[in-house]
Amino acid sequence: MFLINCPFCGERDQSEFSSGGEAHIVRPKQPTELSDDEWAEYLFMRKNIKGIQFERWNHVHGCRKWFNVVRDTSNDKILSVYKMGEKPPVNYK
Amino acid sequence: MPNYRIHKTEYIDETKRVSFKYDGKTYFGYEGDTLASALLANGIHLVGRSFKYHRPRGIVSCGAEEPNAICQIGSKKDLTEPNVRATELELYEGLEASSQNCWPNVKFDIGGINNLISPLIPAGFYYKTFMWPKSFWKKVYEPLIRLSAGLGKSPTEPDPDIYDHKYVHYDVLVIGGGVSGIIAAKMAAKNNFKTLLVDDKKILGGSTIYQNNESIKIDDKLSSEWLKNEIQEIKKLSNLTIKTRTSIAAYHGYNFLLAKENLTDHLPEEKKKNKIRQRLWKIRAKKVVIATGSIERPLVFNNNDRPGILLSNSINKYLDYYGVTCGENIILFTNNDSAYETSISLHKKGIKNIIIDLRKSASSELIKQAESLGIKIYLNHVVTNTFGYRKINSLEIMKLSEDGNTTIGDKIKLSCDCLGMSGGWTPMVHMHTQSGGKLDFRDEDQVFLPKENSEDQISVGSCNGDFDLENIIDKTVNKINKFLDIDNQDYQDTNIICSKENDKRNIWLLPNKIPLGKTKCFVDFQNDSTAKDIKLALKEGFRSIEHVKRYTTTGMATDQGKLSNMHALGIIADTAGVKMGTLGTTTFRPPFTPLTFGTLVGRNVGKFFEVVRKTSMHEWHVKNNAEFENVGQWKRPWYYPKNRENMHDAVQRESKAARDSAGILDASTLGKIDIQGSDASEFLNRVYTNAWSKLAIGKCRYGLMLNEDGMVYDDGVTTRISENHYLMTTTTGGAANVLSKLEDYLQTEWPELDVYLTSVTDHYSTASICGPNSKKILNKLFPNLDLSDENFPHMSFKEDKLENINCRIMRISFTGEQSYEINIESKYGHSLWKMCIEAGKEFNLTPYGTETMHLLRAEKGFIIVGQDTDGTMTPSDLQMDWIVSKKKFDFIGKRSLYRSDTVREDRKQLVGLLTDDPKEILEEGAQIVLDVKSKPIDMLGHVTSSYFSPNLNKSIALAVVRSGKTMKGQKLIIPMENKNINVTVSDTIFLDKENKRLNA
């Protein structure tokens, strides 16, 4: 059971949050100009990394804010937490 | 019968005699006994039959690792409990226990025949045997297997006991109250760490607490005396909490641990009443010290499972802690020094014993002590067989060859009434590995030890592979100082004297002259798997320990292989000729020992099982005999039976009344989201398929929301209350998810939009009145409101007051009738409802539930998201192309609507179905085919909604059918179990296609 440091509320139990999958997948600005394959790439394709992963979490039973998390999926350690719109920390690339 | 209770100990209160029943017979023990020690004191070893071969089995251990002595407690239908370990169950007055897995009784068990036919039941027997014929599986094999499967009997009535959960936070959690745990807890607590010490036993002290060997001393005292002092001291520490009878069940990530505390299991029946039985502790600890100790290993030799064969150290504990001897003529069979401690203890109490030692030589202090006492020791010998059916009475030993692979010389037969075995010690690394820690293998004594940690934790004491007392104390002190970053000097000058083990020899499967196939060398006592089974698995090609485990079921019983896993690994390694350390282990999964369901569930039973949401009108519905339907967490009136009507009759009456005069529905549960901000219109444009910019203030519009994959996600009516203010309604079940999804887009994709979302579902109650007389009823409630079609047309909104309370009234319709939804602040919801009912009396205003609502909308062909859709339906599949804007640049899911898959013409599409026999009502979910003769039958689709319409006086249904759009008039067949139903594809709208009734 993770302890997640919500950037707005502080450290809370995992049960207050819901996971939103991979982060930094930007919705195409002009979907109509994309081919089926390009659209499918946005729609369906997600990484499943063993190691450092950037992901979205929502403090759904708290402030309802979405934010980003850097997590090492091999040991579940959360390495960094940052707000939506902020640049991902470079040292984990 | 001889008395096996041979001396007094401080842990047994001989002034308090306790009577208990075992297999129907009454016995006596003392307060402080476990069921196992009390049985042994009465000379009872035989306590059960093995799972597969039904061999007689006796008590093996004195703790959580016990594989055999598991019993059924009590006989009441609600309180009986199976698989309780007699070695852990504290004795109490009136305890009733019985042996398991035997019939008619433990001494004569019919299933014992399995032992005779055991050559016919090898590993994988079930997989190999019950393969064919296929038709036998359901009617012959499965019932037979089920009959013989399982240990013990589950209670058949609800558990009346009370259970509890508790959340706690500590700086340091210490697991295990043996010598290393006590030192760790003391050091932590004295250095200002808020500390919790848990131990599964009744008292602290582990195995040191009954230690009485003169060659093991601390500060010139017996180690047990020294430890008692330490325990007295730590009890005084103010920031140390000590919880005994508490075992850690699971170690999860982020140092989150679950512990089970036993509160009343040791109390007599009358004292248990109205008390919490067990409490689940949910512990968050900044740091965790694991001091869980180690358990003794059995040895694997022929017939090593007879009653009277125990672990050597358990014999010691029964003797020195409980004052019970396990026999009068005991043989100890060992490969290490610890059995010598047992031997010396037995000798001191005047109990005859000899030692069989695998090792060629042994030379420690303990061994010298045993020798000087004149205890007979057979070095370099091995037990090759044992005898005695219900209890061991003799055994055979032979000399070992130089390499230990064979036996040599003559058999020596020795008589005995008890055999103690010690195959070394296995560190309890369960907690370490559950936390994500890795293991190392130490070849010298063949143990897995904690290596890397992924959590902030440390292992100390014998669970870390430190076995002698000096090593344990020195290392624990050093490690804890480092771990907690402190400089504690308490143990600086502690003087420890102990025997040091010098000689080691480990043989996983002991050699024998008899071919392996004819031996019974048990590895897993509870699941009856033998060395032969493991070798067979390897022969048949299994290599991974995880596969061998599952094929032979080794380590898969309720004891989770605490005594067997290491031997299984060892035998695999030896057979396959690989190093044991390279094999890895099977996964250590929680819980460490079985948990009751009650502990896991805690107080969340009965009406606390799930959150229930009720509308403000709920009380009225109850008073008016509503039957309720669960929709998400909501209780919604399903129908209101009158005069013992059944559901069908009630729904027919309600549906007819709604169309003929007036009906009223509690629509409070619909999700309501308040949307405000200067970009609210643009936001709606992006989330709905249709256009919103031009919706006039005071008007309502139906919207369809898609997922990004183009599939219908939710629908509902949204009202423009003012320029920058909308009220969106969602489906009852989808409300929370819709809000979450909208927030997601708003916060992550479109943060530039000035829009604010607030859930107001619970803030407003809604009464929906429909039918040709609805306008008249509204007029009575709101006499000043101009209800003319010109002023207040369909799909528009007005505000008015009901006795000074603001109401929002939407003229929208989910039934096809003229219809008004009155929204009022929730606290007035009940009053509003009653006023509506009162006003509607003269018009036969009929309350209707969800079933009638579904019927009425189906007559109009309105979809229900989640009933007529299933996450694979596009708007076009639903024949709702009209609601998808062609002009809008983008909206959620737009691009997906012309992916190659979504434009296929043979997708499943929504159609209406009419049965040829208008009285025939289809079953929802029924499959639809064109032709029943072709094989395999081509499934075209299924029925999604089906009703008998009282207004049309015929059966109607909605269905999804492949290429359904082009099928109007097509005859199709719905094959049912006993008949085929003929249907014709129709339009989805069955009633009032011209929408005349909306303005009637």
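User: In this predicted model, which residues does B:Tyr702 touch, leaving aside residues up to four places away in sequence?

Analyst: With those neighbours left out, B:Tyr702 touches B:Asp715 and B:Val717. B:Tyr702 itself has its place in strand β36 of chain B, which covers residues 700-706. The C-alpha atom of B:Tyr702 is also separated by 8.8 Å from that of B:Ile883, although the two residues are 181 residues apart along the chain.

User: Is B:Tyr702 buried, exposed or partly exposed?

Analyst: The general idea is to count the other C-beta atoms within 10 Å, where 20 or more would mean buried and 12 or fewer exposed. B:Tyr702 has 17 of them, and therefore counts as partly exposed.

User: How should I read the packing of helix α19 and helix α24 of chain B, and at what angle do they pack?

Analyst: Helix α19 (residues 647-660) and helix α24 (residues 850-859) of chain B pack at about 55°, and their axes are 9 Å apart. Because of that angle, α19(B) is oblique to α24(B), and their crossing is right-handed. On the α19(B) side the meeting residues are B:Met647, B:Val651, B:Glu654, B:Ser655 and B:Ala658, while α24(B) brings B:Glu851, B:Thr852, B:Leu855 and B:Leu856. Sorted by class, this contact has five nonpolar, two polar and two charged residues.

User: How many residues of chain A and chain B are in contact?

Analyst: The contact involves 20 residues of chain A and 21 residues of chain B. On the side of chain A that touches chain B, the largest share, three residues, comes from helix α1 (residues 36-44) of chain A. That side divides into 10 nonpolar, five polar and five charged residues.

Terms used
Residues numbered from 1 in each chain as written. Chains lettered and ligands numbered in written order. Predicted model: local features only at pLDDT ≥ 70, side-chain atom pairs only at ≥ 80, totals over all residues. Contact = placed C-beta atoms within 7 Å. Helix = DSSP H or I, 4+ residues; strand = E, 2+ residues; numbered from the N terminus. Nonpolar A, V, L, I, M, F, W, Y, C, P; charged D, E, K, R; others polar. Axes fitted to C-alpha atoms, helices over the stretch in contact; angles between N-to-C directions. Parallel < 35°, antiparallel > 145°, perpendicular 65-115°, else oblique. Left-handed = near helix turned anticlockwise from the far one by under 90°.
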